[in-house]
Amino acid sequence: MKIKDSFTDRLFRAFCYFVVAIIVIICIYPLWLVIVYSISDPDRVNAGKVFLLPQGINLDGYRQVFRHKDLMSGYWNTITQTLAGLVINMGLTIPAAYALSKPSLNGRKFFTTMIVFTMYFSGGLIPSFINMRNLGLLNNWWVIPLTGAVSSYNLIVARTFFASGVPRELEEAAEIDGCGTAGTFFRIVLPLSKAMMGVILLYYTVAHWNNYTTALYYMPATNDYWPLQMVIRKIMQDVVLSQSSDDPELIAYYSKIYNMIKYAVIVVSSLPVLILYPFLQKYFDKGVMLGSVKG
Amino acid sequence: MKNATLATPGGVAKRNTYWKRLTKNIWKNKVLYLFVLPALVWYVLFHYLPMGGLYVAFTRYKGVGDVFAAKYVGLKWFESFFKSKYASTTIINTLRLSLYALALFPLPIIVALMLNEIKQKKVKGVAQTIMYAPHFVSLVILISMIQLFFASKGIVNAAITALGGNAVNFMNSTKVYPHLYVWSGIWSSLGWNTIIYTAALSSVDPGLHEAATLDGASLLQRVRHINIPTIFPTIVITLILRVGSIMSLSTEKSLLLRNDVNMAVSETIGTFVYNRGLLGGDFGYAAAVGLFLNVVNLAMMLTVNFISKKVSETSLL
């Protein structure tokens, strides 16, 4: 039996739809504007005439972006540093999480506490900086993939999953059939953990791609290794792009398309995330559910 | 296990069997130990070595040579920080921003409750996909967008003047700064933060709603008396986490958003440490300020966790 909603109920529901619609617009509008501004005629954008649709298509911004050497090198650095970082991330996090989920591991409580403690206390910026210098990682390409090598949060999520998400009987059966610990882990447990690893891979990838602070703190002097976000920041702060010229016409041209270049930079740097986004979406809710299980 | 029952009561024998059992356990589980070892080494190198390096906070170290060779000055830096005007300004600036953000803590809860009333799965899915998107915009891009849109000739001012108002110098205003800081955070995290509540709402028993409807409860009443109590434990845990991390504001974001003009309100404890330490070379002093901040954070977390354990038996640690 279905009771018809009363008038006030329908009014309340309509209100919910309305508010959600407003929030959706607020979320998407700035992102949409960035894309529109990156391809619109800069004169009209600078005059504050473009609010919704692109006007007078102009791709000069993108031409400048792809000619910008620092930006392309930043792009390349971020791609390689992210890939190296992900190999280290998964190689350290997943096996450790599996081991820590096993009651037969002596001292696992101690190890877990040691790991969780770092979520609530750290040496802080200055001791970390000195430590990086002592390890020879200052201004070193490897400082980017190595600093975020393990996220305690991800490790606890993975450990919780291994402790409760993989049927123990399967592991026991595999061991009876002569699979060692490593064999069981690689052939039985990992194939069952694809969704969890997808979530963690997603978190690590986004963290690497958007990472800015590591380079800011520990790479003050080596522009050649700077990741994308650091280069973007530099571009946003510079008054005029690297092309210095005495030709007033050229200067006028650059100051005109200057903001346009910035918008194009934003689009180009966010492209991989935008392309991957729809494919990864199904993992989001799952990931938060995994994380909400108490560690 | 067998060894344990056979162990003779007596110190030496006991200790011997303990070591025997331990080595036997390690040998038997050698693969597991190999699995966990690299991560532990990493934690020691990148987390526990810097904690030992906190010694720098008690020295006159200026960035050159060995920390442990520098002159020991005791609590000097802590004293001079608290005697300086920086202590109050940075602490107040930090608290202003985090308390402001904390006051807006109910927003994602309200949005999640409203999202829950959208019954068409497809519509809801599209809305969620769009609302999560800002979460993936990097901080550098987020701040760049603010600086472009809120520039003196940006779109916001264009809209204001088009509507007959006067242009506002957003980026150089100490009054606007907290709003920009907090609301940009809301923009990027509002949708993402609804996920945890949406997940909790999925466990609401539809039978309860049916029964309440039959009894004549309105939708608003059902949300208040069924949905909200269901997600209440989740609300409490999230709130605890937020209160516990009240002093740990994103240094990164402050560094990106501040400029010379808004310094009076944008200088937080974190940016102060960065300025004085990494840029100014005052390693000991900056490390002391950083240590103060981290101790406060830890104490807050432990206190809040302790209280919640007493009150609700839900704790985080």
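How many residues of chain A are in contact with chain B, and how many residues of chain B are in contact with chain A? The legends below take up this question and then turn to the domains of chain A. Please keep in mind that this is a predicted model, in which local features need pLDDT of at least 70, side-chain atom pairs count only at pLDDT 80 or more, and totals for chains, interfaces and linings use all residues. Residues are numbered from 1 along each chain as its sequence is written, while chains are lettered from A and ligands numbered from 1 in the order in which they are written.

**View 1. Chain A meets chain B.** Here 77 residues of chain A are in contact with 72 residues of chain B (in contact: C-beta atoms, placed from the backbone, within 7 Å). Elements of chain A that give two or more residues to this side include α1 (7-39), α4 (69-100) and α14 (248-292) (helices: DSSP runs of H or I, at least four residues, numbered from the N terminus). α1(A) gives the most, with 17 residues.

**View 2. Residue classes on the side of chain A that touches chain B.** This side divides into 47 nonpolar, 24 polar and six charged residues. Ala, Val, Leu, Ile, Met, Phe, Trp, Tyr, Cys and Pro count as nonpolar, Asp, Glu, Lys and Arg as charged, and the others, Gly among them, as polar.

**View 3. The two domains of chain A.** Domain 1 spans 1-58 and domain 2 spans 69-295, with bounds from an automatic or database domain assignment. Their centres, taken over C-alpha atoms, are separated by 32 Å.

**View 4. Where domain 1 of chain A touches domain 2 of chain A.** Seven residues of domain 1 are in contact with eight residues of domain 2. On the domain 1 side, α1 and α2 (42-46) of chain A each supply at least two residues, and α1(A) gives the most, with four. The residues of this side are five nonpolar, two polar and no charged.

Methods: Contact = placed C-beta atoms within 7 Å.
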